[in-house]
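Hello,

Here is the structure I promised to pass on to you. Please open it alongside this note, and I will walk you through what turned up.

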Amino acid sequence: MLVKLGPLDAGRVADLRPYFDSVPDPRSRRGRWYSLTAILLVCACAVVSGARSIDELAEWAPRAPNALLTVIGIRRHLLGWRRTPSPATIGRVLGAVDGDALDQAVGAYLAGRHRSASGPSRVIAVDGKALRGSARLTATRRHLLSAVTHGTVVTLAQVEVGAKTNETTYFQPLLAPLDLTGAVVTFDALHSVKANISWLVEAKKAHYIAVIKTNQPTAHTQLAALPWRDIAVQHTTSASGHGRRESRSIKTCAVADELGGIAFPHARLAIRVHRRRKQTGKRETRESVYAVTSLDAHQTGPADLAAAIRGHWGVEMRRADCAHG
C-alpha cells in the first residue's frame with residue numbers, strides 16, 4: 001500500500017501527515033520520543049525510495065535531508081543532534097499498528113489526490129484477488145477486495161476477505177470511507193447485488209456500471225431479450241497483437257424504471273458489448289456481454305461506456321498478473 005504513494009517531497013509529506021494522524025497509536029504514552037505519524041512517514045518515504053526490510057527502513061532516515069526530517073516530525077535531541085528511529089523501534093511499531101486503519105489512511109490520501117486530478121469523471125473498479133505468496137501450510141492464500149482507479153491503477157481502499165464467495169458482504173465496508181460523489185464504480189457480476197447497488201447510488205451518490213451474467217438469471221434473460229437487432233451499433237473498437245485480433249461493438253438501450261418492473265435499482269441504460277476474437281490458426285469466437293448503468297443517456301455516451309467496461313477488464317487483467325506472477 002505504501003508503494004502506491006509515489007514520490008514524497010516535503011509538500012506531499014505535509015499533505016499526508018493529517019491522514020496518518022488519524023491512525024490510532026498502539027503504544028502507551030510513557031517513553032515515546034517519536035510520534036506514530038513521524039515513524040509512519042519515515043516508513044512511507046523509505047518504502048517509495050525502495051526500502052523493503054526493517055533495516056532498510058531505518059537506514060533511510062539518517063541519510064534524509066534535515067529539512068525533510070523537520071517536516072516529517074523527527075525531534076532534535078536536547079544537545080542539538082537529530083536522532084532517527086532504530087530498526088527495533090520501527091519493527092515494534094509496525095508489528096503493533098492497526099493495519100486496517102493504516103490502509104484506510106493511505107487510501108483516503110490517494111483518493112483525495114485522485115479526485116483532485118480526475119475531477120468529476122472518476123472511474124473506480126471493485127475487484128478481488130488472492131494475494132500471491134500468502135499461502136501457508138496451515139492456511140490458504142489470503143484474499144483482498146480492493147477499490148482501484150482505472151487507467152493508472154492506484155489502490156484507494158482494500159479489505160481482507162475470508163474467501164472469494166464472501167466478497168459481496170465486504171462491498172459496502174470497502175467503499176464506505178471513500179467520497180464517491182459523482183464517481184462511476186465498475187464491478188463484475190459477483191457484485192451485481194441489488195442491496196449494494198441501491199446503497200451505492202442512494203447513500204454514496206455514485207453511479208455504477210454493473211456487468212450482468214447468468215448469476216442474475218432474471219435480469220440477464222431480460223437484457224438478452226431486448227430488441228438489440230433493431231438497434232444500430234453505436235461505437236466500435238479493434239486491436240491486434242500477441243497473435244490475435246479483437247473487435248468490440250457496443251449498443252445501448254434506454255430502459256424503463258427498474259428494468260421494466262424487475263427491480264434492478266436505478267438502472268437507466270442497458271448495454272450490450274459484442275466481442276469477436278480471432279486467434280491465429282483458430283476459429284473466430286464471439287461473445288455478448290450485458291450490463292446496466294445508472295448513468296442516463298445525457299450523462300454518458302457509448303464510447304465512454306465502452307472505455308469504462310474495457311477499463312474494468314484491464315484492471316482485472318493487471319491484478320491477475322500481479323496475483324499469479
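To start with something to look for: which elements each supply at least two residues of the lining of the largest cavity? They are S4, S5 and H11. Please keep in mind throughout that this is a predicted model.

**The cavity**

The count comes to one cavity of 30 Å³ or more, and the largest cavity holds about 40 Å³ of space. Its lining is made up of Thr186, Phe187, Ile209, Val211, Ile309, His312 and Trp313. H11 gives the largest share of that lining, with three residues. By class, five of the lining residues are nonpolar and two are polar, with no charged residues.

**The second largest pocket**

H11 turns up again here. The second largest pocket has a volume of about 590 Å³. It is lined by 28 residues, and the closest to its centre are Arg248, Arg275, Arg277, Arg310 and Trp313.

The largest share comes from H11, which contributes eight residues. What is the lining of the second largest pocket like by class? It divides into 12 charged, eight polar and eight nonpolar residues.

**Helix H2 and its partners**

Now please turn to the earlier part of the chain. Helix H2 (residues 36-48) packs against helix H3 (residues 54-63) at an angle of about 100°, and the two axes are 9 Å apart. That angle makes H2 roughly perpendicular to H3. On the H2 side the contact is made by Val42, Cys43, Cys45, Ala46 and Val47, and on the H3 side by Leu57, Trp60 and Ala61. This contact has eight nonpolar residues, with no polar and no charged ones.

H2 also packs with helix H5 (residues 87-96), at an angle of about 105° and with the axes 11 Å apart. H2 and H5 are therefore roughly perpendicular to each other. Here Leu36, Ile39, Leu40 and Cys43 of H2 meet Thr89, Ile90, Val93 and Leu94 of H5. Seven residues of this contact are nonpolar and one is polar, while none is charged. Cys43 is named in the contact with H3 and again in the contact with H5.

**Two backbone details**

Lysine 205 has a phi near 60°, a positive value in a residue other than glycine. You will find lysine 205 in the loop between helix H8 (194-202) and S5. Histidine 266 is not a glycine either, yet its phi is positive, at about 65°. Histidine 266 sits in the loop between H10 and S8.

The mean pLDDT of the chain is 82, and 85% of its residues reach 70 or more. Which elements have the lowest and the highest mean pLDDT? Helix H10 (residues 258-261) has the lowest, at 54, and strand S4 (residues 184-187) the highest, at 92. Over residues 133-137 the pLDDT falls below 50, and this stretch has five contacts in the model beyond near neighbours in sequence.

Enjoy exploring, and do write back with any questions.

Best wishes

How values were computed
Residues are numbered from 1 along each chain as its sequence is written. This is a predicted model: local features need pLDDT of at least 70, side-chain atom pairs count only at pLDDT 80 or more; totals for chains, interfaces and linings use all residues. Side-chain values use heavy atoms; hydrogens and water are left out. Axes are lines fitted to C-alpha atoms, for helices over the stretch in contact, and angles run from 0 to 180 degrees between N-to-C directions. Helices (H or I, at least four residues) and strands (E, at least two) are DSSP runs, numbered from the N terminus. Angles under 35 degrees count as roughly parallel, over 145 as roughly antiparallel, 65 to 115 as roughly perpendicular and the rest as oblique. Contact means heavy atoms within 4.5 Å. Ala, Val, Leu, Ile, Met, Phe, Trp, Tyr, Cys and Pro count as nonpolar, Asp, Glu, Lys and Arg as charged, and the others, Gly among them, as polar. On a 1 Å grid over the protein atoms alone, a cavity is a set of points where a 1.4 Å probe fits but cannot get out, and a pocket is an open set with protein on both sides within 12 Å along at least five of seven lines; lining residues have an atom within 4 Å of a point. Grid points are joined across faces, edges and corners, and a volume is the space filled by probe spheres set on the points. pLDDT is the predictor's confidence in each residue, from 0 to 100.
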